[in-house]
Amino acid sequence: MHTSMRLLRNTRLTLPLLKWVSVFSFGCISTSAWAVVLDNQTLTVSSGTPLDSYVLINQSALTVDGAQTSSISVTDSVLSILRGDTLTSNSVAINLVDSQASIANATITSRGSVGLLLAHGAGDGSTASVSNSTIQGGSVGIQVNAGGELTLANSQVSATAANSDGLRLQGGTAQVSNSSIIGQNFGVRMLRESELRPDVAALRLDNSSVSSVTGNGIEVRTRGDAIIDMQNGSRVSAGNGTAINISEFSNTTLTAGASEIEGNIVVAEGGRASLGLDNSRLVGDIQSGGTTAVDFNQSVLEGDVTVAAAGTANVSFNQSSMIGNLVAQEGGDLSLVLAERSQLAGNVQNAQLVSVQGGSLLVGDLDRVQVLSLDSNAQFTGKTVDVQQAGIGGGANWTMTDTSSVGSLAMNGGQVTFGDNATFYRLNVENLSGNGTFVMASDFSNGNTDFLNVTGNASGSHGLLMGSNGADPSLDSLKVVHMGSGDAQFSLLNQGEQVDLGAYSYKLVQKGDQDWYLDRETRTISPMTRTVMALFNTPITIAYGEMTSLRSRMGELRYNQGKNAGVWMRAYGNQHNIADASSGVGYQQNQRGLTFGADAQLGESNWTLGLLAGHSRSDLNLSYGSSGSIDSYYVGGYATWMDPESGYYVDSVLKYNRYQNDAKVGLSDGTRTKGDYDTHGMSASVEVGKHIKLDDGYFIEPFAQVAAAAVAGKDFTLDNGFDANGDVSRSLLGKVGTTLGKTISLGGDSMIQPYVKAAFAHEFAQRNQVQVNNNLFNNDLSGSRAELGAGVAWTVAKDFQVYGEAGYMNGKNIEMPYSFSLGASYRF
């Protein structure tokens, strides 16, 4: 067989070299028989080589290229496996002592012991590079002792015995990439070899996984330092739910980049851990019985943080999130920092510090917290119990979810929001200082309110932003702030320094030295009332604005002595400014619309009859950003009579409207409420006048007119509960005036008719009632007004005419700064 070596088969080990072949494994000596021994020699075995065990000593070198071998023991030598299988029953499959190994494309199995052992004697230790291989041990897949360095790539390591370890780092280091490690008990166990060799155990994972079947994923028992580094999609999991366990007196530094840990991280009493996760995910709890520092950067924690009585945990999040609770037992030391838009959904109990900053969000309750700090646009939503000190900086906000208590509250430009407007809470504060905002709500109808109760001293200047609602008060006043002593000042931050509650708005007044109230004595009409009254009032001016273009059409018929029968259209627009004096409600209305019509002469008579239809939209602008809109759809008929001989004429109109009303109310607290409803109305007018022809084409047309309109009342409710009931809106308008114009021939069938007109009108209707939350208001636009206008009608051809007109009106409580209409007609 190997003639250059000593070979022993079926005989006892009597030669000095072979009598004891020692393998350093777990501190015991084992013997290996039937072995090929290399002593400062080099050998290559291939697929045709018989199965043998090998012992290498004294700078020997063995190359395995496709051969099957039994155990291989290497001392102060070099092993190279290019491809091949190593199988042994009970001993170490490959044992390196102060040696080097390169293993590729191999399957290494030890059924009862260690698959691969990196040990040391008097030297520094062994190194092994393993790639594209499978290593399986009975008790341990791979063991790396002090000074040993393992490089594992694209390989699988496992152990099969009940209490086995996939990888055991006994003071050694392992660089693992694109590989998997699994143990029945521990996936990886990290130990210190001895006090004489206190080398740091280090595990570095790159796109690799560590798992266990029944025990911990990684067990750290170094009684000294240990390093765990996970990168590029690495993963640690455990069969018993504990991914990483750090025992007493062990000090572990864990870093994870773009990796995942499934299971708890447990730090035993006396243990220390520094955990840094970057773009990674931990699904499990952090349990600190020792000293633990945790830093999450762009990472996720789905689990709790618990601190034992003798433990410490300092947890910080940077652009990260957590779903779970943080709880320290009595005697434990817990601190939490949320920074750079981090988020926590969970409760914090018994903490020394909770700091939320940089736009971060905490949603949960705080119980027994020494210091709460909110700063730099931080958001906290939850209740507090036994918080000793709290500071709320600029841009930060605390939204309460229940009645809460704080010892000393320093408002450094921040804000406290007492839940939403539908719930009411009390904030009990021993001492208040600084300058800040309290967002509160109240229901004057039943006396419910948010309440700021300062039992001790209050100082500084603070604003109250009170929420609006649609219910009316049932009380004369409502207390919202109390302080035991101090010189603090409180004021309303609502627009106009008043709170909108139902039909009226109320101001904040101080009574005595210690209490602030919303007081009924200070009430004024609310934006909600202003908006609904404007909606109920506007259809009248809408109806008259739509009639303007029709009266222009009937004027054309008169000027042409009824011969312009045909089809026509008009586009028109106007603006109305309604003064506050009309009912305490001022607003601006802008109308625009389009009307189509057709008419014809009735036989050879002096009558012309017509039909019309159209649509207009009116937009309302009110205070506080309130607005409304009304879409009007209408149909109607008209008739005009004129005696060519005498010049007398009669114009009449009857029109039906369908109104679609929409309201958006801006409230003093910056919110909006809205509502909509539909209603209908009728309008009519009769005008009597005389068309008088003068010399040189001039004409004058004095007239008198009576117009009436009625719009059905309607009950409707805004979405905040504000209830409005409008009575039938009525109008009776009388008008007298005259038109002066001239007909100018342009040759052929073309002519132009410029004109001006002036009129005096009076509104007789004085009582248009609106009921708001059982409060009665009156829309009153009665009074006189003057109207001026100018226009031109141009007959372009025998059968085609265009038209334009502009106007102005001003009177008591109402002004129309402009109106216009443009149109065209075609006769058959």
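Hello everyone. Before we start, please keep in mind that this is a predicted model, where local features need pLDDT of at least 70, side-chain atom pairs count only at pLDDT 80 or more, and totals for chains, interfaces and linings use all residues. Residues are numbered from 1 along each chain as its sequence is written, and side-chain values use heavy atoms, with hydrogens and water left out.

Let's begin with the domains. The domain assignment gives domain 1 (34-284) and domain 2 (529-827); such bounds come from an automatic or database assignment. Between the C-alpha centres of domain 1 and domain 2 there are 94 Å.

Now to the nonpolar cores. By that I mean sets of buried Ala, Val, Leu, Ile, Met, Phe, Trp, Tyr and Cys residues joined through side-chain atoms within 4.5 Å. Buried is under 20% relative accessible area, exposed is over 50%, and partly exposed is in between, using a 1.4 Å probe and protein chains only. The largest core has 168 residues, and Leu116, Leu150, Leu427, Phe438 and Leu452 have the most contacts inside it. Which helix gives the largest share of this core? That is helix H2 (residues 527-559), with eleven residues. For the labels, helices (H or I, at least four residues) and strands (E, at least two) are DSSP runs numbered from the N terminus. Because domain 1 and domain 2 both give residues to this core, it lies between them. Apart from it there is another core, of six residues, including Val92, Val97, Val114 and Ala119. As background, nonpolar side chains tend to be buried together in soluble globular proteins.

Let's zoom in on Phe438. Leaving out residues up to four places away in sequence, Phe438 touches Leu409, Met411, Val416, Phe418, Leu427, Leu432, Leu452, His462, Gly463, Leu464 and Leu465. A contact here means heavy atoms within 4.5 Å.

While we are on H2, have a look at Thr531, which is found in that helix. Is Thr531 buried or exposed? Thr531 is buried, since its relative accessible area is 1%. Its contacts, again not counting residues up to four places away, are Leu622, Ser626, Ser627, Ala663 and Val665.

Searching the whole structure turns up three cavities of 30 Å³ or more. On a 1 Å grid over the protein atoms alone, a cavity is a set of points where a 1.4 Å probe fits but cannot get out, and lining residues have an atom within 4 Å of a point. Grid points are joined across faces, edges and corners, and the volume is the space filled by probe spheres set on the points. I'd like to show you the second largest cavity, which holds about 40 Å³. Its lining is Leu535, Phe536, Pro539, Tyr677, Thr679, Val711, Ala712, Gly713, Asp727 and Ser729. H2 turns up here too, giving the largest share of that lining with three residues, and H2 and strand E59 (672-690) each supply at least two. By class, there are six nonpolar, three polar and one charged residues in the lining. In that count, Ala, Val, Leu, Ile, Met, Phe, Trp, Tyr, Cys and Pro are nonpolar, Asp, Glu, Lys and Arg are charged, and the others, Gly among them, are polar.

Most residues other than glycine have a negative phi. Asn178, however, has a positive phi near 50°, and it sits in the loop between strand E17 (173-177) and strand E18 (180-183). Gln319 is not a glycine either, and its phi is positive at about 50°; its place is the loop between strand E33 (312-318) and strand E34 (321-323). Asn178 is partly exposed at 39% relative accessible area, and Gln319 is partly exposed at 33%.

Finally, two residues in strands. Gly637 is in strand E57 (residues 627-642) and, at 23% relative accessibility, counts as partly exposed. From Gly637 to Gly147, 490 residues apart along the chain, the C-alpha separation is 106 Å. Val337 belongs to strand E36 (residues 333-339), and its contacts beyond four places in sequence are Val315, Ser316, Phe317, Ser355 and Gln357.

Conventions:
1 Å grid on protein atoms, 1.4 Å probe; cavity = no way out; pocket = protein on both sides within 12 Å on 5 of 7 lines; lining within 4 Å.
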